[in-house]
Structure formats: C-alpha cells, structure tokens
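Please look at the sequence and the model below before reading on. The report then goes from the whole chain to single residues.

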Amino acid sequence: MKIISIVNNKGGVGKTTSAQSIAAGLSKFANARVLVIDLDAQASLTKSFGIQHAGLKKDSGSFITGEYEFDEIVKRVGDIDVLPGSAELIHREDTIKAAPIFPFNLKIALEKIKDRYDFVIIDCPPALYGNTRLALVSCHQYYVPLQAEFLSYEGLRNFLVYSAEIKKISPSTNLGGVFATRYNPKIRKKISHELISATKEQLGDVFMASYIRDNVALSEAQANGTTIFDYAPNSNGAEDYYKLTREILERINN
C-alpha cells in the first residue's frame, strides 16, 4: 500500500481537485484499489465525492482517534473508498495532538488496513501543523500543486523548509514532485512563465513535466459530486490529470 499526500500550505492551489483526480486516475487507469482520506475540516474532498458531510460524526478524525472502526466510517463512491472529513475534525485535533504517539497517529492507524488498498491519497488542510503533519509523517511520497502566481511560489519555499524538518523525524517520507496548476505554457502570461521557469531551475527533476490547465469542467465535476473522468472524459482537465497520474506512477515505480 503506497500512501500519497497532496500538500500545500496555501489554499486555492488545486489540492482537493488534484487529490480527487489522481485517486480516480489510479483507480481507472491502473485498476488500483484506492482509498482517499479527507483531513480538512472544510470537507471539500468529501463534498466533491457527493457525500453529505453536515452533522457527520464518523469521519477521518474518529478513525485516527480509534473512536470508530474503519468499516463504520468509510464510504464507497463508485470504485473509490472515502474516509470523509467534517467540521468535527477541528474538535478532534486537540485529542489527536495530545496522544503520546503524535504525529504518528495516522501512520499507525493505517497499518490496520494496509492489505486492503494499493494506494491511499490524502487531502490536507492549507496549514503546516496538526493534520498536515500527520499526513506527511504517514506518507511515502507527497506532491505539491503550485499555482503559477507569486504568492503560491512564496508559499512553496516556506513549505519546503517545513517538509525538510519532517524528513528528520520520518526518513521514509519523500517529496515526489511539484506540479503546476492553472497553467498553460501556450498562453502568454509573463509572470506565470517566469515563476515556472524559476521553480524548474530551483527544483530540477523534482518539478514535474505534467501541468494542469484552467478548465471549468473540473469545478463542474466537483459540483456534481463526481470525478473529471466520469463527468467530462474528453476535457482538458481529464487529459491533464491522466498525464499527471501516469507521471506519478512512473515516479513511484522508480
């Protein structure tokens, strides 16, 4: 079971869209058994799968704390299993952080289901503490979506410093790659091209060849509680996330 976290300390860069689409890509094109975990109290990933989160008590936090068994919490959506997020995550965070095993809580909990899935995809909150720390410590690789604009670039630098500290306590955690979102190299936008060029120069092979273009079908798919591959399989969004999924598989296999 390979555990992948989608992480960035800045909101609005495409974390949730990427987590959902990568999970769907792995299920559809690699015929993989996939679990997605929503660790954000805003529950955007949960909503994107069409799961009602209002008043939800059994969520990913209650799996981490052991309040409920995995099978009591997990939701099946098509071919993908979902550990939903909810507002209750805010209240459970203190309990999780107070546990003597923190920040290894999630890593230890996932050991119970390691034979059930090929991949676990974790969607993290836009923060550098708490649940994001759990996700980074538990994963084999993490991927960072980078929106091609200045504040996102500055946030990436801060995040990479933080993730280097995580590596000290979790040597098995590795940066899988950084990929551009809301970016199209064919469109003339000087600041975007300059930022992407600077990031490539800084990161080298860590910066991925795949990129995600602006595509309204991505947000429409989420609003309809489904994935881009089911909603608009011929769209730019589906094409881009197919390429990204293939590149992630190559990096994992290498």
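## How to read the model

This is a predicted model, in which local features need pLDDT of at least 70 and side-chain atom pairs count only at pLDDT 80 or more, while totals for chains, interfaces and linings use all residues. Residues are numbered from 1 along each chain as its sequence is written, and side-chain values use heavy atoms, with hydrogens and water left out.

## The protein as a whole

The protein contains 12 helices and 8 strands; these are DSSP runs, numbered from the N terminus, with helices (H or I) of at least four residues and strands (E) of at least two. Along the principal axes, the C-alpha atoms fill a box of roughly 50 × 40 × 35 Å. The radius of gyration is 17 Å, which agrees with the value near 18 Å that a compact globule of 254 residues would have. That radius is taken over C-alpha atoms, and the globule rule is 2.2 Å times the number of residues to the power 0.38.

Of the 254 residues, 54% count as buried, where buried means under 20% relative accessible area, exposed means over 50%, and partly exposed lies in between (1.4 Å probe, protein chains only). The accessible surface comes to about 11600 Å², and 48% of this surface belongs to carbon and sulfur atoms; such areas come from the Shrake-Rupley method with a 1.4 Å probe, and for residues only the protein chains shown count as cover.

Contacts between residues at least 6 apart in sequence give another view of the chain, since 78% of them join residues at least 24 apart, a contact meaning heavy atoms within 4.5 Å.

Helix H1 covers residues 15–29, and its 15 residues reach 21 Å from the first C-alpha to the last, close to the 21 Å expected at 1.5 Å a residue. The expected span is 1.5 Å times one less than the number of residues in the helix. Because 13 of its 15 residues are buried, H1 is largely enclosed by the rest of the structure. H1 is followed by Asn31, whose phi is positive, near 55 degrees.

Helix H12 has 18 residues, 236–253, and reaches 26 Å between its first and last C-alpha atoms, close to the expected 26 Å. Its buried residues include Gly237, Tyr241, Leu244, Ile248 and Ile252.

## Buried residues and their contacts

Thr16 is found in helix H1 and is buried, with a relative accessible area of 15%. Once residues up to four places away in sequence are left out, Thr16 touches Ser44, Leu45, Ser48, Asp123 and Gln222.

Ser86 sits in the loop between strand S4 (80–83) and helix H5 (88–98), and it is buried, with a relative accessible area of 1%. Leaving aside neighbours within four places in sequence, the residues in contact with Ser86 are Asp40, Ala41, Ala43, His53, Leu56 and Asp59. One of these contacts, Ala43, belongs to the loop between strand S2 (34–38) and helix H2 (44–48). Ala43 is buried, at 0% relative accessibility, and its phi is near 60 degrees, a positive value in a residue other than glycine.

## Other loop residues

Arg182 likewise has a positive phi, near 50 degrees, in a residue other than glycine. Its place is in the loop between strand S7 (174–181) and helix H9 (190–203), where Arg182 is partly exposed, with a relative accessible area of 48%.

A cis peptide bond joins Phe102 and Pro103, with omega at about 10 degrees. Pro103 is found in the loop between H5 and helix H6 (105–110).

## Distance in sequence and in space

Ile90 lies in helix H5 and counts as exposed, at 54% relative accessibility. Ile90 and Gln42 are 48 residues apart along the chain, and their C-alpha atoms are separated by 9.5 Å.

Thr199 has its place in helix H9 and is buried, with a relative accessible area of 0%. Thr199 and Leu134 are 65 residues apart in sequence, and the distance between their C-alpha atoms is 27 Å.
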